[in-house]
Every structure is written in structure tokens, then in C-alpha cells.
Amino acid sequence: MLADAYMAKIGKKVLVLEKNDQCGGGVVSIEIAPGFTHDPHASGYYTCVSSPIVQNDELGLMSKFGLEWRKWQAGFATLFDSGDGLVAYTDLDRTCQDIAAYSQKDAETYRRFAKECMALLPLLARGSSTPPLPMGPFIAMMEASPAGRRLVDMMFQSAYDILENLFEAPELRIHLMKWVAEAMEGPEIKGTGIMLVNLLGLAHSYEGLIPVGGSRAVTNSIIRCIEHHGGTVRTLAEVKKINVADGRATGVTLADGEVISAKDAVVGNIHPWRLGDIIPEVDPELARAARNVKLSNHGALNQQIALTEWPQFKGGEDARWTEALCIEYVRKDELGIRKVFDKYRYGEIPQSHLSPLTILNSRKDPSRVPKPENCAMYLYHFAPRVLQDGGLKGWEKHRQAYADAIWEEFKSYTTNMDDSKIIARHIESPLEHHEHSMNMMSGDIFGIGTTIGQMLGRRPIPELAQFRVPGIEALYLVGPTQHPGGTVTFGGRATAVKMMMDWKMDLKQAFTVI
């Protein structure tokens, strides 16, 4: 909807069509018990923080349309089964102090590497909010400087390659490789190195954010922006087909048969696997290339749990665990953790080395719970997307047992959690993700895989990376399968830039930074 908001801002007559009863895709909220607000998908906001939409309030979401943020002092933390751990504070000095408890040498190396990542972040951040260069020219540009050559080198490595070369302490490697894997790729998959660079650049340049009132507050502020500028938003309006005449997109046909015409353009959030179905006129070779796009290494099983009280962690009441947006709970077994990612790839549910993640947003935003002592917990864990035992539908059989195992593992890191503390619990497996959004194909919450072959000017494929479909005029693409990728990136801004460039409009009408 971000591209739609920009189009409304410049005076276009905008109609947004949403298949669900709540707009936003993964940027939604649910209530699983009276007074409890939970975010079943987007819960912590990091990759969008550097966007001009946040830094410059380019659409007025904060100043005009009611969006409020709360900040965290640390983006993520790792609590080991031994009771100790690491915290990635925005403050680099504090982070290095934590690391020095395991290795003074690693603390010094980390400081140098983090500063290198921070120096590269403006380039990466600017690139994420504008149309990407084709991969060839991008690499040629990077190769012209030592810093650029270093970035290219890391782009083609795995995140674990970089960690193994840099750090001696297994605790630090576990801490970072687990976090990198939140991009839904195994940390040893080649082409994931750029994720580590982006992560550390963001982690030590910006504080993590959450929206007051839940993720739906982000979507609602965008809706208010669109409506303020004269646009219309319709829910329960599923698009089944993009209508094309004489090589130009002319509108859409809805699931109920309604035909809606478009004057200037159609903007579609279309998964590449569905390109040929939604646009029958598309070149069959292009549709086949799009269908060959690879999905992510793993998916996720999410639990929203309403608790009577806050978790208390083993190892003492360390205030560090109240400062981190995300907390990973990981066994101090590096090899075991590494091996689990192969289980996901081959459709096997791991029986050991479970490593849950929690986000406890009601700590910063008490409006999400009915009483201060209550906790609205997001309990998340990686999962194979498609099971050997039953495929995607196999989750109907295995969902509850896997969710229970994850809950039991989490409880082992606390001193006070048991089933009596649960007020309500909501579980979503890759099957539910697939059913929720047509972009979460086969349970891929990032849309498609995020490795270097499907990033930047190759996302999802080079022919579609400029937000256009060759052979179809007036059709533009948005969504997590497009540049810059999954998570809440506010990537629709880049599509809006492309549209205005094609129309030869003055970009200053809509954008404060180009």
C-alpha cells in the first residue's frame, strides 16, 4: 500500500483492493483474548527504520496520520541454556563489553567489523528505497573502491563464512548466525553474507521500533494517508486476474466477477509463481522463469500467547533481557545448531536443539495488555515449510506437537512459566501462513528466498526487478518478492519512484530524499 499512498499524495485517484478483511498482509494485529493485542507476523521493525518514510516522515504517517513508535535499546539478544548471554545494543561500546566476557580479541574485531558495516549502511539503505541497479552495473560500481570490493566479497560468502573467519568465541558465532537466519535462510548458504552486513549496520545505527497499538497501527496510518488524499480502500476484494488489452493493463477482475478499470496504471502484489495465472497474456517463457524462483530455506511456526505474568529468566534478574526487542533462546552447542538448518531444508521437524525467539512488545507498549502484570508474548520458531510427512497439509497433524515442544523449550529458560500462566494461545504453522497470504507461498513468510541470486537487481528475476512486466504496459509490481525483499521494508516507495520516473514527473512532488 505504500506505493498507493505515494500515488494518492501526488493526486492520482487510487483504489486499493485487499482480499482479506484486514489490510496489510503480514502487517496486521489480532486479539486472542480480551484486551490482548498480538502481531502474528511483523512484530519488530528494523529494516524500515532507515527509510525516508521513518527518518523524514515523508508521507506524514507520524505527524498527520497517528503512527507512534516505541524504541528498544537493543535489537536482539541471545540467552544461552547456561544462563549467560549476549546483547546487541545500539550502543556499540555496551555490545563490545558483553562480547569481551567471552573474548577480548573478538570484542576488538567486532568493533572494527561493526564500524565497517555502519559505514556501508547508507549505501544499502538508500538502495533499499529506490529502484535497484541491474546486478552487473552494481557490482562494477562497487568494484571501483576498496570498500565496495569488500562488500562484493561478502555478498558472495555465507554469513557463517564471515563469522568463522572473524571470531574465535563460539558464543558470538552462535549469537550472530542465529540472528542472520531470521532472514529465513540457513547461515551457511552462500550469498547470505550481505545479510550480516546489513544487520550489524542497522543494529548499531538505529534503535529497534515497534508501533503503539500493534502492527495494524502501521497499516491503519497508511490507510488514513490514502483516504486523506482522496483514495479508497476496499477489503474482501480478491483480484483473480489482471486485464490486458493491446499489451496494456486496463484493470482487474475480482473473484466475484466484478471488473474494475484503471486509467493510468495497475499496481499488483503478485507472487512470481502466480504471474502466468494472474496475467494469462504474459510471455510463457517469462512465466516459466518466474515459476523457477526459489523459496526460502525454512518457514516459521508462530505462537501468540497471552500470559498472566511476565517470564522470569534463569541466571538471575538480569536487566539486559528487558532492553532487547528480540530474545533468542539457544543451546550452547554450535555444531548442533548448525545441523538443525539441514532438518528444515529436508522437511524434517527437529527433535533437539530447539531455539525459540520471543518478542515481548507489551513491555514497551502497555496498551497491548489489559493489566500491567500481563504479558502479550510472541513465541516464534523456525520450521520446515513443507514436511516429508504429509507436505504442507502435514502441518494439520504436526502443528500442535511442534508448538508444544517449542513452548516446553522456552519454559526451560525461565523460573516461573508453566501452563497455568496461559490465558489464551494462538498457533500458526506454515500452512496457516500459506492460507493467509498469496505471497506466503508454501509457508514462505519472506515471499521468496533471500540470497544474492534473488536480491537487488535480480529480485525476483532480472526481467521483473524493475517493478515492470515485460510486454505489459501500465503494470507495476510491489510486495516482498520484489526489491528490497521480505520484512517490513516500506519497499513500495521504490515502486513509486519507478512509476514517477516512467511518467517523467518531478520526484520532489513526493519524495524528500532521492
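**Cavities, salt bridges and cysteines in the predicted model**

With three residues, β16 makes the largest contribution to the lining of the largest cavity. This is a predicted model, with residues numbered from 1 along each chain as its sequence is written. Local features need pLDDT of at least 70, side-chain atom pairs count only at pLDDT 80 or more, totals for chains, interfaces and linings use all residues, and side-chain values rest on heavy atoms, with hydrogens and water left out.

Searching the whole structure turns up three cavities of 30 Å³ or more. A cavity here is a set of points on a 1 Å grid over the protein atoms alone where a 1.4 Å probe fits but cannot get out, and lining residues have an atom within 4 Å of a point. The volume of the largest one, about 60 Å³, is the space filled by probe spheres set on the points, which are joined across faces, edges and corners. Its lining includes Thr37, His38, Arg368 and Tyr378. Both β3 (36-38) and β16 (375-383) put in at least two lining residues; strands are DSSP runs of E, at least two residues, and helices are runs of H or I, at least four, numbered from the N terminus.

Charged side chains form 33 salt bridges, each one a side-chain nitrogen of Lys or Arg within 4 Å of a carboxyl oxygen of Asp or Glu. Arg216 pairs with Glu31 at 3.3 Å, N to O. Arg216 sits in helix α10 (residues 216-228) and Glu31 in strand β2 (residues 30-33), so this bridge ties together parts 185 residues apart in sequence. Arg216 is partly exposed at 25% relative accessibility, while Glu31 is exposed at 53%; the cut-offs for relative accessible area are under 20% for buried and over 50% for exposed, with partly exposed in between (1.4 Å probe, protein chains only).

Another bridge joins Asp404 and Arg425 (3.0 Å, N to O). Asp404 belongs to helix α14 (residues 395-411) and Arg425 to strand β17 (residues 422-428), 21 residues apart. Asp404 is partly exposed at 30%, and so is Arg425 at 28%. Elsewhere, Arg468, Glu473, Lys498 and Asp502 are linked in a salt-bridge network.

As for the cysteines, there are zero disulfides, meaning pairs of cysteine sulfur atoms within 2.5 Å. The Cys117 sulfur is too far for a bond, since the closest cysteine sulfur, in Cys96, is 12 Å away. Cys225 is also in no disulfide, with the nearest cysteine sulfur, that of Cys23, 14 Å off. Cys117 is buried at 1% relative accessible area, and Cys225 is buried at 0%.

Conventions: On a 1 Å grid over the protein atoms alone, a cavity is a set of points where a 1.4 Å probe fits but cannot get out, and a pocket is an open set with protein on both sides within 12 Å along at least five of seven lines; lining residues have an atom within 4 Å of a point.
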